[in-house]
Structure formats: C-alpha cells, structure tokens
Amino acid sequence: MTYPPQDPAGQPGQYGPSQPGAQQPAGGYAPGQAGPETYATTQLPGQPPYPGQPGGQPYPQYDPNAAYQAQYGQYGPPPVQATTKSSAGTAILVIGVVLLMAVGAFGGYYFLGNDDDGRLNAGDDTTAEDTPGGGEGETGDDGGQESEAPPAPSGTHLTVPSLESVTPIPGTEWQYAAGPGVASEPLTDAEIYQIQHTESWISFLGVGLYSGAAAVFDPADLNASALSASQVWLGDGFSTVEGYQQSEITYTPVEVDGRPGVLAEWRNSWTSSPDTTDLYEDTAILVVDVDGVNGFIGIASVSETGAALYDPAVEALLATDFGAETA
C-alpha cells in the first residue's frame, strides 16, 4: 500500500494537516529531484527517516529497477538461489558409482564364477565317483534295480529268508501276524503267527535267525544259547500277572533236518491276571546250529486256553526244513 497524497497548498485534507512547504534548496533541485516532499510520512519506531523528512536524505537518482525493488521495501527482493552444478554433479557421481559397482559385479562373476563352476563341477564328479554304484549311467551291484522286497507270507508255512528255511503252520487256529523279515528279539528276519485269546492276550508262534543283539548264540553250547534266548524272550511278557512263577527249564537234544539242536521247555504260571482268566502258559524254544555260525530259533508259547495246540506247534518247529525249494 502506498502512502496517501497531501494537499500541495498546505491545507488540511481528509488525511490530516499538510506539512509545511519545504523551501527550494540552494542551488536548485538536483537532477531527478521533483521538488520538495509533499507527502505525509509516518516513521515506524526504529525505522530511519524517509527521504524528504527533516533529517532525511534526498531522493536518490532514478533507478529503473526501483519499481521492482519497491515491491519488497527496504530489504529488497529475496535473494535468488545461485544456480550451481552441485545437483548435477551429485547425480553424475551416483551414476558413476552404480556403474562401477555393476562393472565390479560383472568382473567378479566373470573371473570368479568360472572357478566356482569348476569347483562345483568337480565336486559333482567326486560325489558321483564316491556314490555307491559309480557315476552317471552306472549301476550298483544290484544292476540298478531296487533291493528285493521280502517274500510275502505263504499261508502254509513260516519262512526265514536268510536261512532258506520253512516251518509248517500247525493249524488254522494260527493267524498271520508279521514277516517274513521282521525283528522280534531274540529273533530277526522272522515270521510270526499268533492266536488272539483276548484283546491283550495271545499265544505265540515264530521262527527266525538267532539274533545276537541281546541273546548270545554259541554253537558249541546250545543249552546256554537256549537259556540266553529264554531270558530275552520272557522280558516283560508276564509283567501284568500276579504271583508269576517259572518252572525249571528242561533241555532235550534234537536233530532238525540233519542239524544239531536243542529243545528247551518250561511252564509259566501265575495266580491272577487282568488280561486273561488263564493261569499258565507252556513255552518251547528250539535252537539249531545251522552252519557252525548261524543259528535258527523257533518259539512256541501256548496259553492254557489253547493247551491242545501246544504239541502240534512243537512238532511243527521240529519239522523245519533248511534249504527247501519253496523257501
């Protein structure tokens, strides 16, 4: 907003009394000076006097930029930010760093990647050579075929594949349970049948390779081998009964398919059980020296309810055939 004009005759106007007319300075007005100040001025606290006021400085010569400067008062126009090349330089620097990183990555891959590939390839070759069966295109001892699955139960006999033995099933009362080829200490590579008397009580019939994992097989002492097997087989099989007793074991030398063996027999008895109303179970363990190294073991353990099936089960064990064609 500009200052309001004053009456040139010095008369009071709508904006207040006129200022006393100023005398022309000696020597006349300076070039560019229009004359004495005829406008009322107001001086703000702390602000220097305006030109034309008492004690003020004369007007400066005409400046073409005065109109532009007047917009901003005594402080002049706001400073103009100098145009520099710093932003462009920063952008160029960033691009340069990115390019250098890309070149470095490419160079690292080029110079080191092949070595890694070579090491990987070499590792693959080593793995192929170290892998059983040789490298690519080669097969193992089994000709690239999967290992044969154990034979399925025949339904007519029990089989021990590793000994090529067969033992007849003594009757239809016996039902298939597991094998061939399962482990049930002291048997391994075994086949098992059973009779289910109650939900948690059975009679047991099984044949297998004598396992040395827990029991001890000694071809020179088959009685001791049978005793060791009995201790492992009993385990906790009668842990739920009350008043358990084991009778003395009897050992009977036998010959099975021309091979020496021993038949160990005893009775397990008890006073009560939550699993059965039976009060005893007869057990027979047959141990045969097959070849001076491996032992055959057959177990028949028949509860009181199936007492009539005990003798046929023992006879079936003694009828085991080794190296049979049907094994």
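This is a predicted model: local features need pLDDT of at least 70, side-chain atom pairs count only at pLDDT 80 or more; totals for chains, interfaces and linings use all residues.
Take helix α3 to begin with. Its buried residues are Leu222, Ser225, Ala226, Ser228, Ala229, Ser230, Trp233 and Leu234. The cover over these buried residues includes β5, β6 (245–246), β7, β8 (259–269), β9 and β10.

Now for the nonpolar cores. The largest one has 26 residues, and Trp174, Leu205, Leu286 and Phe296 are those with the most contacts inside it. Two or more residues each come from β1 (157–160), β4 (187–198), β5 (201–210), β7 (250–256), β9 (280–289), β10 (295–303) and α4 (310–318). Of these, α4 gives the largest share, with 4 residues. A second, separate core holds 24 residues, among them Leu187, Ala190, Val241 and Ile249.

Beyond its neighbours within four places in sequence, Leu205 is in contact with residues including Leu158, Pro170, Trp174, Ile299, Ala313 and Leu317.

Ile202 sits in strand β5. This residue counts as partly exposed because its relative accessibility is 27%. Setting aside neighbours within four places in sequence, Ile202 is in contact with Gln194, Ile195, Gln196, His197 and Glu281. Ile202 and Gly306 lie 104 residues apart in sequence, yet their C-alpha atoms are 9.6 Å apart in space.

Terms used: Residues are numbered from 1 along each chain as its sequence is written. Side-chain values use heavy atoms; hydrogens and water are left out. A nonpolar core is a set of buried Ala, Val, Leu, Ile, Met, Phe, Trp, Tyr and Cys residues joined through side-chain atoms within 4.5 Å. Buried means under 20% relative accessible area, exposed over 50%, partly exposed in between (1.4 Å probe, protein chains only). Contact means heavy atoms within 4.5 Å.
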